[in-house]
Amino acid sequence: MVNVPRLVLAAPSSGSGKTTVTTGLMAAFTERGLKVSPHKTGPDYIDPGYHALATGRPGRNLDAFMCGPDLVAPLFAHGAAGCDLALVEGVMGLYDGAAGQGELASTAQVAKLLRAPVVLVVDASSQSRSVAALVHGFASFDPQVRLGGVILNKVGSDRHEAMLREALEEAGATVLGVLRRAPQVAAPSRHLGLVPVAERRADAMDSVRALAEQVRAGCDLDALLALARSAPPLACEAWSPVADPRGGTAAIAERAARGAGPVVAVAGGPAFTFSYAEHTELLSAAGAQVVTFDPLHDEDLPDGTSGLVIGGGFPEVYAPELAANEPLRKAVAELAATGAPVAAECAGLLYLARSLDGKPMCGVLEADARMSERLTLGYREAVALADNALAAAGTRLRGHEFHRTVIEPGAGASGTDTGPAWGFTHPERRLEGFVRGGVHASYLHTHWAAEPSVAHRLVAAAARAAAPTAGAPPGAAAPA
């Protein structure tokens, strides 16, 4: 049984201030001495960075589409273990989820799966008495969603606040906080949302401190904590990166007994900020030595690297700097040429291309990437089309696309020895990504907790690349 006090912070729509309020609450409760577990509904990578800054703990995602509803509570329990309070920031509007699939992946579904009270963050800047009708509608739409109270955001004046409070009191809604307009605490945005913490750490820390002060002044922290403590026990077993029945506790123990495993380098730094905490946990549990490096500054891969993971981020913002680091680009190309496993998602795909906006990249793929006016966004269902370093042919995964770049030629057209990584089956049928030797590069973001064999397969291929054996070429795909 999981007895961690918990709240879900939701809103009627995007742009209401969920991230502002959630991050401020996390910082304020952390300053009180509580161990706060931060969580984010959906696939977003950027908000968890601010959550981590506020709490000192990894921000974790709860995505019922990519991981399935059955994993939401176990992943929550894993992240919240040993904590005094867990706060979950919602996604979009409270009842918005995967397109055309009902409540799937919505904040409301996650709140029900966690049996957590919901606090509705309402942008009150352009309304007064109508706020009561809005809140009443959200509270009554799904009786299984327990709306515990409201935080009013962007309130203009004392008179405005009085009108809002009066209307909500008539509707029987509890006001748990009132926050005034405060542009000085807003984080800057660009083409894919907020600027990540790694790119503005000092300023972000100042913003988080300001948010904590604003929340302390405007919110009833004691009432919010009491509401969180009213959440009933949650019957589930915590997820564990070691518990994959196919990867194997026994196999992990055997590798540990033999000594250190293969070195898997993971790209980090300001250009590559998108990753899920569970990915490195799974790699470590599978026996890898996980070492982070920064492609903007490090001129070589970590010593002994025999596997490489390059996640998402904003290489387009740093294309000149990445291009200038020619020694590392050459090292990445040389590693890929050996057949060692190289897993690249979105930003990683761009980095492996021949060029990005005319700037030279690693040249692992005979393809060129550029910025585009078109935003590609949404959940995807995919099937692996051939055995590769991450998955056996026929493996089905769910993922997410989110980018404003295009790569040409298209999927699998980069050289005669290259094929597509995925066949998308929903919501549209098309090919996506590249498989070439040990390289798996794609726009698709996936959450490996849904298929832990991905990490085990990559680590096994890295181990073979580190110590090739007769008849087994370096980087050859591992059996599932």
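This is a predicted model: local features need pLDDT of at least 70, side-chain atom pairs count only at pLDDT 80 or more; totals for chains, interfaces and linings use all residues.
**View 1. Strand S1 and its buried residues.** Five of its five residues are buried, meaning under 20% relative accessible area with a 1.4 Å probe, protein chains only. Arg6, Val8 and Ala10 point one way, while Leu7 and Leu9 point the other way.

**View 2. The neighbours of S1.** Strands pair here if DSSP finds at least two bridges between them. S1 runs parallel to S4 (residues 85-89), joined by four bridges, and Leu7 sits opposite Leu87. S1 also runs parallel to S5 (residues 118-123), this time with three bridges, and there Leu9 faces Val119.

**View 3. The largest cavity.** A cavity is a set of points on a 1 Å grid over the protein atoms alone where a 1.4 Å probe fits but cannot get out, and lining residues have an atom within 4 Å of a point. Its volume is the space filled by probe spheres set on the points, which are joined across faces, edges and corners. The largest one holds about 50 Å³. Among its 11 lining residues, Gly313, Glu316, Cys346, Leu350 and His403 lie nearest the centre.

**Notes.** Residues are numbered from 1 along each chain as its sequence is written, and side-chain values use heavy atoms, leaving out hydrogens and water. Local features need pLDDT of at least 70, side-chain atom pairs count only at pLDDT 80 or more, and totals for chains, interfaces and linings use all residues.

Key
On a 1 Å grid over the protein atoms alone, a cavity is a set of points where a 1.4 Å probe fits but cannot get out, and a pocket is an open set with protein on both sides within 12 Å along at least five of seven lines; lining residues have an atom within 4 Å of a point. Buried means under 20% relative accessible area, exposed over 50%, partly exposed in between (1.4 Å probe, protein chains only). Helices (H or I, at least four residues) and strands (E, at least two) are DSSP runs, numbered from the N terminus.
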